[in-house]
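Have the viewer open as you read.

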Amino acid sequence: MGIRSHSYPSDVIARAILQYRAGCTQREISAIMEIPRSTIRGWLSSFNSGRIGSRVGEHPHVWMIESPNGSLSTGICSVCFNERDFANFNPEYSYWTYWSEAENGKEKH
């Protein structure tokens, strides 16, 4: 996968990448996650150069999604490290829509 260290699970690497994309420095990520800064630097270098996940075949994505901050949150697949934006609010599934339709006899399942 382009990562030198095999002692960390991919979801840990994905969390580090999410923190980096959220604006944390390598030093901050290292301190928060208690992982050597050189390891974090290698992961971020591999991510930025596109080497992470280049040999992963078809698979179901396992999304690690950053905390909501605005209308979209970025998710990173912990298997292939692909990125995708997720909406933080979907009016189709809101509390108000559910009750309005239930009162009118159009309950969703």
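Of the protein's 109 residues, 28% count as buried (under 20% relative accessible area; exposed is over 50%, partly exposed in between, with a 1.4 Å probe and protein chains only). This is a predicted model, where local features need pLDDT of at least 70, side-chain atom pairs count only at pLDDT 80 or more, and totals for chains, interfaces and linings use all residues. Residues are numbered from 1 along each chain as its sequence is written, and side-chain values use heavy atoms, with hydrogens and water left out.

Along the sequence, they run α-α-α-β-β-β-α. Take the contacts (heavy atoms within 4.5 Å) between residues at least 6 apart in sequence: 41% of them join residues at least 24 apart. The accessible surface is about 7,500 Å² (Shrake-Rupley, 1.4 Å probe), and carbon and sulfur atoms account for 50% of that.

Now for the serines:

| Residue | Relative accessible area | Class |
|---|---|---|
| Serine 38 | 48% | partly exposed |
| Serine 78 | 5% | buried |

Serine 38 belongs to helix H3 (residues 37-49). Its C-alpha lies 8.7 Å from that of glutamine 26, 12 residues away along the chain.

Serine 78 sits in the loop between strand S2 (72-77) and strand S3 (83-87). Which residues does serine 78 contact, leaving aside neighbours within four places in sequence? They are Ser10, Asp11, Ala14, Val62 and Met64.

Technical notes: Helices (H or I, at least four residues) and strands (E, at least two) are DSSP runs, numbered from the N terminus.
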